[in-house]
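Please go through them with the structure open.

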Amino acid sequence: MPTVIIKGKLEKSYDHWVAAFDAHESARKSAGLKVLYRGHDLSDSAAIHIVLQTPSMETLSKFMQDNADYMKESGNSPGSGEVTVCSDM
């Protein structure tokens, strides 16, 4: 199961984003995504980080496409994301 590190920027406040992110947990679980961490840089609350496990990169890609409007409304800055895919195998 790949572990993915996502780094992004916010256009809205961190408080707005984290409330929306947490409220969307059931959708992530339904897709098979498991969040290990979500937070922000210590010195910049607009610089967010998410670490999650996904059954496959295709699953994550489909989830992100299907939920693009929700992510934008939550405050994510489109095109700001950087994704690092990790494996322990």
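By what part of a helical turn are Lys62 and Asp66 separated in helix H3?

1. Lys62 and Asp66 are separated by about one helical turn, because the two stand four residues apart in helix H3, which covers residues 57-66. Their side chains form a salt bridge in which the closest N and O atoms are 2.7 Å apart, a salt bridge being a side-chain nitrogen of Lys or Arg within 4 Å of a carboxyl oxygen of Asp or Glu. Asp66 itself is exposed, with a relative accessible area of 52%; buried here means under 20% relative accessible area, exposed means over 50%, and partly exposed lies in between, with a 1.4 Å probe and protein chains only.

2. On provenance, this is a predicted model, in which local features need pLDDT of at least 70 and side-chain atom pairs count only at pLDDT 80 or more, while totals for chains, interfaces and linings use all residues. Residues are numbered from 1 along each chain as its sequence is written, and side-chain values use heavy atoms, with hydrogens and water left out.

3. The chain contains four helices and four strands, arranged from the N terminus as β-α-α-β-β-α-α-β. Helices (H or I, at least four residues) and strands (E, at least two) are DSSP runs, numbered from the N terminus. The C-alpha trace spans about 35 × 25 × 20 Å along its principal axes. The radius of gyration is 12 Å, which agrees with the value near 12 Å for a compact globule of 89 residues; the quantity is taken over C-alpha atoms, and the globule rule is 2.2 Å times the number of residues to the power 0.38.

4. The four strands make an open sheet in the order S2-S3-S1-S4, with antiparallel pairing, where two strands pair if DSSP finds at least two bridges between them. Strand S2 (34-41) and strand S4 (82-86) stand at the edges with a single partner strand each, so one side of each is left without a neighbour in the sheet. From one strand to the next, the twist averages 15 degrees. Strand S1 (residues 3-9) pairs with S4 in the antiparallel sense over five bridges, and the bridge partner of Ile6 in S4 is Val83.

5. The structure holds seven salt bridges.

6. Helix H1 (residues 14-23) lies across S2 and strand S3 (44-53), and runs at about 175 degrees to S2. Axes are lines fitted to C-alpha atoms, for helices over the stretch in contact, and angles run from 0 to 180 degrees between N-to-C directions. The side chains of Asp22 and Arg38 meet in a salt bridge at 2.9 Å, N to O. That pair connects Asp22 in helix H1 with Arg38 in strand S2, 16 residues apart. Asp22 counts as partly exposed at 37% relative accessibility, and Arg38 counts as partly exposed at 30%.

7. Which residues touch the most other members of the largest nonpolar core? They are Tyr14, Trp17, Ile50 and Leu52, out of 13 residues in that core. A nonpolar core is a set of buried Ala, Val, Leu, Ile, Met, Phe, Trp, Tyr and Cys residues joined through side-chain atoms within 4.5 Å. S1, H1, S3 and H3 are the elements that give two or more residues to this core, and the largest share, four residues, comes from H1. Not counting residues up to four places away in sequence, Ile50 touches Val4, Ile5, Ile6, Trp17, Phe21, Tyr37 and Arg38, contact meaning heavy atoms within 4.5 Å.

8. Of the 89 residues of the chain, 31% count as buried. Among contacts with a separation of 6 or more, 70% are between residues 24 or more positions apart.

9. Met71 lies in helix H4 (residues 68-74) and counts as partly exposed at 22% relative accessibility. Leaving aside neighbours within four places in sequence, Met71 is in contact with Met64 and Asn76.
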